[in-house]
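Try each task before reading its solution.

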Amino acid sequence: MTHDTNTSADGDLAAFFDAGRQAGESPTGDFMMRLEADALRLQPVPQARTRGSVWGDLLRGLGGWPTVAGLTAAACAGVWIGVSPPDLMLTMLQDQSVIQNVDPLSGYDYAMLGG
């Protein structure tokens, strides 16, 4: 398929496009050397990456201090409940009928099945 350079889409600018295609001047070697030197000067210099501590990496991996504070609070609550369980929990564990009547899938009903 050939491409007509003087289509109606070019309109009044067709003469200028033709002149630009025929000029075909290439940049000089001096210009290319200056362009390359300028591009290399503007590129960022790679910095040596310092190796952080294991604790710092772990802290960043967990999400920072707010996450560590939440994990610490949850761990303290778990230890507290484990060492000194509430009386209601002890009575529930001793009464087997309460444990047998608990449905672990009570959150799943017919609406969750779809259809």
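## Exercises on a predicted model

Let's start with a single residue. At 59% relative accessibility, Arg60 counts as exposed. Keep in mind that this is a predicted model.

**Exercise 1.** Find the salt-bridge partner of Arg60 and work out how the pair sits in its helix.

*Solution.* 
- Step 1: look for a carboxyl oxygen within 4 Å of a side-chain nitrogen, which is the cut-off for a salt bridge.
- Step 2: check the cover. Asp57 has 30% relative accessibility, so Asp57 counts as partly exposed, while Arg60 is exposed at 59%.

**Exercise 2.** Which residue does Arg41 pair with in a salt bridge, and where do the two lie?

*Solution.* 
- Step 1: the partner is Asp38, with the closest N and O atoms 2.5 Å apart.
- Step 2: both are in helix α2, which covers residues 29-42, and a spacing of three residues puts them about one turn of the helix apart.
- Step 3: classify them. Arg41 comes out at 59%, so Arg41 is exposed. Asp38 has 34%, so Asp38 is partly exposed.

**Exercise 3.** Stay with α2: compare its span with the expected one, then say how many of its residues are buried.

*Solution.* 
- Step 1: α2 has 14 residues, and its first and last C-alpha atoms are 20 Å apart.
- Step 2: at 1.5 Å a residue, the expected span is 20 Å, and the helix in the model is close to that.
- Step 3: now the cover. Among the 14 residues of α2 the buried count is zero, so this helix is hardly covered, taking buried as under 20% relative accessible area.

**Exercise 4.** Describe the contact between Arg21 and Asp18.

*Solution.* 
- Step 1: their side chains meet in a salt bridge, at 3.1 Å from N to O.
- Step 2: Arg21 has 48% relative accessibility, so Arg21 counts as partly exposed. Asp18 is partly exposed too, because its value is 21%.
- Step 3: for the tally, the salt-bridge count comes to four.

**Exercise 5.** Which residues form the nonpolar patch on the surface, and which helix gives the most to it?

*Solution.* 
- Step 1: the members are Trp55, Leu58, Leu62 and Leu71, with about 450 Å² of accessible area together.
- Step 2: helix α3 (residues 54-62) gives the most, with three residues.
- Step 3: Trp55 sits in helix α3. Its relative accessibility is 67%, so Trp55 counts as exposed.

**Exercise 6.** Zoom out: what elements does the chain have, and what share of its residues is buried?

*Solution.* 
- Step 1: count seven helices and zero strands. From the N terminus, the order reads α-α-α-α-α-α-α.
- Step 2: of the 115 residues, 3% count as buried.
- Step 3: the accessible surface totals about 10900 Å², with 63% of that belonging to carbon and sulfur atoms.

Methods. Residues numbered from 1 in each chain as written. Predicted model: local features only at pLDDT ≥ 70, side-chain atom pairs only at ≥ 80, totals over all residues. Heavy atoms only, no water. Patch = residues over 30% accessible without salt bridge, like charges linked within 9 Å, V, L, I, M, F, W, Y side chains within 5 Å. Areas by Shrake-Rupley, 256 points an atom, 1.4 Å probe, with all protein chains shown as cover. Helix = DSSP H or I, 4+ residues; strand = E, 2+ residues; numbered from the N terminus. Buried < 20%, exposed > 50% of the residue type's maximum accessible area, 1.4 Å probe, protein only. Expected span 1.5 Å × (residues − 1).
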